[in-house]
Protein chains: 4
Amino acid sequence: MTVGGRAVGRDFVLIAGPCAVETEERTIRTARLVKEAGAHMLRGGAYKPRASPRDFQGLGEEGLRILAAAKAETGLPIVTEVMDARHIEAVAACADVLQVGSRNMQNFTLLRELGRIRKPVLLKRGMSATLAEWLSAAEYVLDGGNEDVILCERGIRTFETATRNTLDLAIVPAAMAVSPLPVIVDPSHATGRAALVKPMSLAAAAAGADGLLIEVHPDPALAASDRGQQVTPEEFAAIARAVLSLVAWLASPEGAGA
Amino acid sequence: MTVGGRAVGRDFVLIAGPCAVETEERTIRTARLVKEAGAHMLRGGAYKPRASPRDFQGLGEEGLRILAAAKAETGLPIVTEVMDARHIEAVAACADVLQVGSRNMQNFTLLRELGRIRKPVLLKRGMSATLAEWLSAAEYVLDGGNEDVILCERGIRTFETATRNTLDLAIVPAAMAVSPLPVIVDPSHATGRAALVKPMSLAAAAAGADGLLIEVHPDPALAASDRGQQVTPEEFAAIARAVLSLVAWLASPEGAGA
Amino acid sequence: MTVGGRAVGRDFVLIAGPCAVETEERTIRTARLVKEAGAHMLRGGAYKPRASPRDFQGLGEEGLRILAAAKAETGLPIVTEVMDARHIEAVAACADVLQVGSRNMQNFTLLRELGRIRKPVLLKRGMSATLAEWLSAAEYVLDGGNEDVILCERGIRTFETATRNTLDLAIVPAAMAVSPLPVIVDPSHATGRAALVKPMSLAAAAAGADGLLIEVHPDPALAASDRGQQVTPEEFAAIARAVLSLVAWLASPEGAGA
Amino acid sequence: MTVGGRAVGRDFVLIAGPCAVETEERTIRTARLVKEAGAHMLRGGAYKPRASPRDFQGLGEEGLRILAAAKAETGLPIVTEVMDARHIEAVAACADVLQVGSRNMQNFTLLRELGRIRKPVLLKRGMSATLAEWLSAAEYVLDGGNEDVILCERGIRTFETATRNTLDLAIVPAAMAVSPLPVIVDPSHATGRAALVKPMSLAAAAAGADGLLIEVHPDPALAASDRGQQVTPEEFAAIARAVLSLVAWLASPEGAGA
């Protein structure tokens with residue numbers, strides 16, 4: 001599975017961008033900054049699964065158009081969420097990787113239809129899904145003939161309130177022990193706290209994750225959703241530098257034991 | 001909201017039937033038996049959300065046809081699950097109440113479209129959904145103009161393994177304290193153990209639940225899914241007798257204090 | 001096991017009283033009121049296990065003296081917590097039932113020594129204890145030769161925040177299916193909300209619990225601990241009336257099916 | 001706080017050894033091997049908190065004697081658990097660091113007395129303890145005047161069964177953000193799987209942990225407790241090499257960004 005020249009599962013992939021696509025100007029600016037900082041793909045939500053119907057629901061088709069513009073401008077492949085089987089065609093026309101969110105991890109009709117396309121699917125773990133259920137959900141896509149599934153750990157729900165969710169990094173090697181699928185980590189949703197994104201990104205890389213999905217916003221305080229967890233482009237640049245340097249070290253003869 | 005002559009939210013409703021519709025003969029036989037035992041509605045899955053694509057997925061349209069036949073035969077209103085917005089019309093043609101399963105509690109595209117129909121929606125709580133999220137999910141239906149939403153508690157996920165899930169009965173009065181929606185309880189999925197269905201049914205009634213959703217199979221050992229939790233028609237008859245008697249007592253002058 | 005003339009496990013037992021013993025006057029007043037309302041035992045904490053060393057830690061020995069006075073005044077047997085093996089003798093001199101709190105469910109040195117006394121031990125389930133672990137903890141007492149262990153379900157920890165803990169009523173029949181020990185329920189700690197104590201008390205009785213442990217305070221707003229969950233003596237009287245009436249009905253020929 | 005020449009909180013500390021002390025020969029052999037591999041302290045349980053009274057409970061005083069012998073032989077400081085306030089003196093005579101296990105995190109009488117000694121206390125997080133509760137428990141020790149508390153994350157309880165517990169690495173930086181106490185990680189109990197100890201050790205170091213507590217047994221299949229999670233001395237040597245090399249790199253100018 002190769003996206004934008006990166007062999008996912010072999011090359012470490014850094015996916016970054018805003019939680020939700022808000023404006024064209026802001027999206028393109030963010031895309032340029034994360035690319036410069038080392039990101040390999042741009043993430044951004046056009047369709048947003050929001051707990052309440054009164055919350056901002058994303059720009060929909062207009063969001064897809066903006067993502068396409070950002071891709072044209074920067075060359076970054078696009079990762080964006082699809083929530084409805086009837087949107088697959090439109091989303092796939094813009095996206096290089098189609099994301100299935102936690103809330104839809106067991107939306108089997110959606111998964112089944114994603115098995116029929118020929119673009120990678122990034123499958124987020126459900127908030128209370130076991131590893132077995134997550135892998136079974138992936139099989140709905142694989143069984144349809146689409147072998148390009150990327151698993152994404154994004155935190156599970158526990159009683160702890162110091163973080164938004166509990167990032168389950170042990171599931172990375174545990175999944176790899178029983179499945180050939182690449183596993184990436186989303187430290188932004190997992191912790192819900194911008195200050196924890198860097199240490200958890202490094203920890204994920206050290207645990208053997210195949211990549212990271214990080215929320216970046218030029219002005220987090222103004223973000224339309226999930227403000228507390230988005231890092232600034234400057235913070236992202238520092239994270240990218242640290243993580244890519246760690247990944248390089250882990251692959252070096254010196255870090256080979258690790 | 002009146003279904004089959006019962007005012008849901010005022011009259012206690014007993015909904016019973018097999019986890020999945022399997023054969024016409026078996027479905028009609030079960031329908032007759034649960035009706036005789038006091039059930040007010042028949043439940044049965046035509047579309048089954050199953051963790052693995054290799055599990056039995058339900059009979060689909062043929063299942064809907066069988067449910068319609070069981071309704072014609074017994075007069076029992078039908079409660080059945082809809083998993084895909086594109087099936088709503090077909091399911092609504094057969095069903096009196098459309099069920100949204102736990103895994104789809106935050107399938108917002110499905111919920112939104114169920115807001116446009118004029119049949120009651122039974123919304124199961126997600127496996128790790130908070131009360132706030134459950135009520136927000138209901139708002140997707142309500143906001144569309146469909147005011148007939150029935151909440152259904154079916155157990156949440158915890159570390160305890162003696163039961164399949166942990167039945168959260170306190171959520172019944174907690175939900176009622178902040179929402180006018182009726183709340184029913186599914187002790188079958190919550191416990192996963194046939195022997196616990198009766199005590200939990202009584203407990204749910206005592207906690208003030210507006211009804212029960214109970215899985216009944218003429219031969220649980222042969223059920224195509226969820227064998228351990230289905231009770232026999234005879235066991236259901238005993239449960240129904242006990243629960244309806246308790247409900248009557250709770251409504252009597254003697255039980256009025258309770 | 002007989003306490004104050006009630007055969008625990010056969011006769012339903014209502015245990016009520018303040019979270020913590022505060023003053024002699026208030027304790028005796030509460031004892032009189034709960035006795036009048038139908039309580040069979042008085043609960044009250046002299047030693048309080050508090051999360052922070054800055055929280056009120058209980059009156060200690062002075063609390064035990066007050067409990068003894070309340071017993072002398074009302075004849076109600078006393079249920080009170082022991083947190084330290086070195087206090088067992090002093091606590092047992094006053095208490096008819098020694099309580100082990102959730103935080104000490106796996107304090108094996110304490111349990112082992114409680115196996116050597118000849119007074120009933122009320123063992124609360126740990127906040128995240130499985131049924132198997134709870135029963136294993138009870139064995140530390142039983143193995144010492146003290147066969148009078150009462151299990152007390154008090155809610156487990158989950159992600160839900162609408163209630164303080166999640167009351168796991170299915171564990172009542174699940175425990176009874178594998179153990180001969182009586183099982184009672186504490187709806188006060190489980191829900192943390194006074195308004196939910198009555199419905200959960202009725203639900204517990206309907207689920208087959210052998211009794212209830214309810215926090216009652218003459219003026220909950222002034223309580224030194226756990227204010228939100230304590231009911232007034234008047235509220236307790238209504239709960240007791242309802243529960244005892246339900247228990248009587250369940251034992252009647254009419255309720256026998258239930 | 002300096003133990004064996006390491007300034008805990010500044011110097012990364014590797015603590016290794018068997019779950020339980022079994023024989024003198026085996027303990028000394030393990031001590032030599034882990035020292036050679038780079039461990040800075042020896043762990044080993046003389047008093048074992050076991051779920052069932054029928055499980056191996058540790059060698060008690062004889063175990064302390066063996067640990068003292070291992071220390072005499074290797075010079076490694078000893079970390080061992082204390083479960084009972086009445087054992088503190090005996091344990092402190094042998095141990096350089098006194099461990100409080102998960103089950104005793106809220107054994108406040110034990111914590112209070114540990115506040116009176118002048119040896120470091122390693123406080124494991126309770127299985128379902130929030131960060132706030134963990135820090136409050138630490139205050140029982142700190143308030144007594146003992147400022148040398150080391151926090152140890154060892155996994156929390158969730159619904160996931162692929163690992164024994166869920167290792168919550170985000171709690172490491174989250175704790176450090178609000179507390180000056182050093183935080184170490186126990187990947188052995190957290191995962192329960194020997195194969196996951198290495199990736200989780202690296203992840204913990206990358207997350208900023210101040211050290212690791214790793215179970216090592218010369219022949220894990222023969223261990224008296226927790227077989228599945230103990231690594232061999234050879235495996236430990238590889239882990240130590242990798243972790244210490246990562247820690248050195250993180251502290252180097254090159255890794256400084258990380």
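This is a predicted model: local features need pLDDT of at least 70, side-chain atom pairs count only at pLDDT 80 or more; totals for chains, interfaces and linings use all residues.
Me: What makes residues of chain D count as in contact with chain A?
Reply: Two residues are in contact if their C-beta atoms, placed from the backbone, lie within 7 Å. By that test, 41 residues of chain D are in contact with 41 residues of chain A.

Me: Which elements of chain D give two or more residues to the side that touches chain A?
Reply: They are helix H6 (171-178), helix H7 (187-191), helix H8 (194-206) and helix H9 (233-251) of chain D. H8(D) gives the most, with eight residues. Helices (H or I, at least four residues) and strands (E, at least two) are DSSP runs, numbered from the N terminus.

Me: How do the residues on the side of chain D that touches chain A divide by class, and what makes a residue nonpolar?
Reply: Ala, Val, Leu, Ile, Met, Phe, Trp, Tyr, Cys and Pro count as nonpolar, Asp, Glu, Lys and Arg as charged, and the others, Gly among them, as polar. That side has 26 nonpolar, 11 polar and four charged residues.

Me: What rotation superposes chain D on chain A?
Reply: A rotation of 180° does, with 0.0 Å of shift along its axis and an RMSD of 0.0 Å. The superposition is by least squares on the C-alpha atoms of residues with pLDDT of at least 70 in both copies. D:Ala203 comes closest to the rotation axis of the residues of chain D, at 2.0 Å (C-alpha). The same surface serves both copies, as 100% of the contact residues of chain D recur in chain A.

Me: Why are chains C and D said to be related as by a two-fold rotation axis?
Reply: Chain C can be laid on chain D by a turn of 180° and a shift of 0.0 Å along the axis, with an RMSD of 0.0 Å. The two copies are thus related as by a two-fold rotation axis. Of the residues of chain C, C:Ser128 comes closest to that axis, at 3.0 Å (C-alpha). Here too the same surface serves both copies: 100% of the contact residues of chain C recur in chain D.

Me: How many residues of chain C are in contact with chain D, and which elements of chain C give two or more?
Reply: 20 residues of chain C are in contact with 20 residues of chain D. The elements are helix H4 (108-114) and helix H5 (131-143) of chain C. H5(C) gives the most, with five residues. By class, this side of chain C has seven nonpolar, seven polar and six charged residues.

Me: Why is H1(D) called roughly parallel to H9(D)?
Reply: The axes of helix H1 (residues 24-37) of chain D and H9(D) come within 9 Å and cross at roughly 25°. Axes are lines fitted to C-alpha atoms, for helices over the stretch in contact, and angles run from 0 to 180 degrees between N-to-C directions. Angles under 35 degrees count as roughly parallel, over 145 as roughly antiparallel, 65 to 115 as roughly perpendicular and the rest as oblique. The crossing angle therefore makes H1(D) roughly parallel to H9(D).

Me: Which residues make the contact of H1(D) with H9(D)?
Reply: D:Thr30, D:Leu33, D:Val34 and D:Ala37 of H1(D) meet D:Pro233, D:Phe236, D:Ala237 and D:Ala240 of H9(D). The contact has seven nonpolar, one polar and no charged residues.

Me: Why does C:Asp226 count as partly exposed?
Reply: A residue is buried if 20 or more other C-beta atoms lie within 10 Å of its own, exposed if 12 or fewer, and partly exposed in between; C-beta atoms are placed from the backbone. C:Asp226 has 19 C-beta neighbours inside 10 Å, so C:Asp226 counts as partly exposed. C:Asp226 lies in the loop between strand S10 (211-215) and helix H9 (233-251) of chain C. Phi of C:Asp226 is near 50°, a positive value in a residue other than glycine.

Note on methods
Residues are numbered from 1 along each chain as its sequence is written. Chains are lettered from A and ligands numbered from 1 in the order in which they are written.
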